[in-house]
Amino acid sequence: MSKLASRLLVFFIGVPLILAIVIAPFFNHLPLHVLICLIAGLAANELYDIFSIKYKLPSKIFIICNTVFVALVASAINVLPYFIGVHFSNGQELISYAYVIAITAILFVEVINTSEFEASIARIGLSAFIITYCGYLITFVSRLAQDRGYMDYTVPFVCVFLLMVFLCDSIAWFLGVLLGKNNRGIIKASPNKSIMGFIGGFIGSAGAGVIGFLVWPEVFGESLVKVIFMGIMVALVSITGDLAESVIKRSAGVKDSGCLIPGRGGVLDSIDSIVVAAPVYYLLLEILFGPFA
C-alpha cells in the first residue's frame, strides 16, 4: 500500500473512529479514557525501545506501568464519579500526586538496585522523560474530558482540539506535497518539511477553530479571534512536537517509532503533536474561555 493511500485510509477511517470514541457518552466517556490509557502504554513501549538502543534503562514493564498509572489516575478521576456519585474537587492535584509517585518510584529503584552509577543520570532522566511525555502530558486530554457535574463539554473541547492537530498535520502534508518542493530543508531534524507545509499547518489548525466556532457557538462563540488565535498556537506547538520526535528518532537512528499504524509508523508517531499541544490547548481554554474550563 502506498504512503498516500495509507494516509488517506487513516484520515478517512481512523480519524472518524477516534471522534466517534470521543463522542460516545457512556460512563462519563469511558471509551475515550480507556483509549488514552492504552495509548499511554503503547507509546511508552515504543519510546522505551528507542531509548534502549543507546542506553540501558530499568525494566520495561516497570516504566510502562508507571506511565499508565499516571494516565489511569487521570482517567479514574473522570470515570469514577459516574459509579460512586462523588466528584473529585481536587482531581487536578491527584494527577500531580500520581506523577510525583511515578517519578519517585524511578528514583527509589535506582537507589536500591544500582551499584555502578556512571549511567544513573541517563537512566533516571530517560525514564522520567518517558513517564512525562507518554503518561503525564496525555492527561491533559483526560482533563478536557473531566466530569464537571453540570454540563458535558467533553465533545466540543476534545473534538476541536483533535481537529486542530489532525488538520494541522493533514493540510501541512497536502500543501507540502503540492507546493513545497522548492522550499524544503529549513529544519535539519526533518528535511522534507517545507515552508508551505508549515503555512498549511497553521491554516488547518485555525480552520478547525473556525469549525468549532460555527458548530458549538455556545462554547466557542464568544470570539472568532480567540479560536483562531488558539488554533495558531496549537499549530505552533503541534509542529514543535512533531519535529521534537524527529530529533529523538534521529538521535537513536530509527525512522519510525513502530509499524502499528499504516502510513504513520508507530503510536508515538501519531501522538507526538497531541501530547505537546494538549497542555497548551488546555491552558488557552482556561485563559480565553475560563467559565467552561
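## Helices, salt bridges and cores in a predicted model

Tutor: Before your questions, one detail of this predicted model: helix α10 is followed by Gly253, whose phi is positive, near 80°.

Student: How far does α10 reach from its first C-alpha to its last?

Tutor: Helix α10 covers residues 224–252, and it has 29 residues.

Student: Which residues are joined into one network with Lys249 by salt bridges that share partners?

Tutor: Lys249 forms a salt bridge with Asp269, and their closest N and O atoms are 2.9 Å apart. Lys249 lies in helix α10 and Asp269 in helix α11 (residues 267–288), so this pair ties together parts that are 20 residues apart in sequence. Lys249 is buried because its relative accessible area of 9% is under 20%, and Asp269, with 5%, is buried as well. Through salt bridges that share partners, Lys249 is joined into one network with Glu245 and Asp269.

Student: In the salt bridge between Lys193 and Asp242, is Asp242 buried or exposed?

Tutor: The side chains of Lys193 and Asp242 meet at 3.2 Å, N to O. Lys193 lies in the loop between α7 (154–179) and α8 (195–215), and Asp242 lies in helix α10, so the pair ties together parts that are 49 residues apart in sequence. Lys193 is partly exposed, with a relative accessible area of 29%. Asp242 has a relative accessibility of 17%, which is under the 20% cut-off, and therefore Asp242 counts as buried.

Student: Which side chain makes a polar contact with the side chain of Arg143?

Tutor: Arg143 is placed in helix α6 (residues 139–144). This residue is buried yet has no salt bridge, and the nearest side chain of opposite charge, Glu286, is 7.8 Å away. The side chain of Arg143 does make a polar contact, at 3.0 Å, and its partner there is the side chain of Gln92.

Student: Which helices do the buried residues of α4 pack against?

Tutor: Helix α4 (residues 91–113) has 23 residues that should span 33 Å at 1.5 Å a residue, and its end C-alpha atoms are 33 Å apart, which agrees. Its buried residues include Gly91, Ile95, Ala98 and Glu110. The buried residues of α4 pack against α3 (60–84), α5 (120–136) and α6.

Student: How many residues are in the largest nonpolar core?

Tutor: The members that touch the most others in this core are Ile130, Phe161, Phe220, Met230 and Tyr281. Among the residues that Met230 touches are Met164, Phe220, Tyr281 and Leu284. A second, separate core of five residues includes Cys168 and Ala235, whereas the number of residues in the largest nonpolar core is 76.

How values were computed:
Residues are numbered from 1 along each chain as its sequence is written. This is a predicted model: local features need pLDDT of at least 70, side-chain atom pairs count only at pLDDT 80 or more; totals for chains, interfaces and linings use all residues. Side-chain values use heavy atoms; hydrogens and water are left out. Helices (H or I, at least four residues) and strands (E, at least two) are DSSP runs, numbered from the N terminus. Buried means under 20% relative accessible area, exposed over 50%, partly exposed in between (1.4 Å probe, protein chains only). Lys and Arg count as positive and Asp and Glu as negative; His and the chain ends are not counted. A salt bridge is a side-chain nitrogen of Lys or Arg within 4 Å of a carboxyl oxygen of Asp or Glu. A polar contact is a pair of N or O atoms within 3.5 Å; within protein, one must be able to donate a hydrogen and the other to accept it, and residues adjacent in sequence count only if both atoms are side-chain atoms. The expected span of a helix is 1.5 Å times one less than its number of residues. Contact means heavy atoms within 4.5 Å. A nonpolar core is a set of buried Ala, Val, Leu, Ile, Met, Phe, Trp, Tyr and Cys residues joined through side-chain atoms within 4.5 Å. Lists of a residue's contacts leave out its neighbours within four places in sequence.
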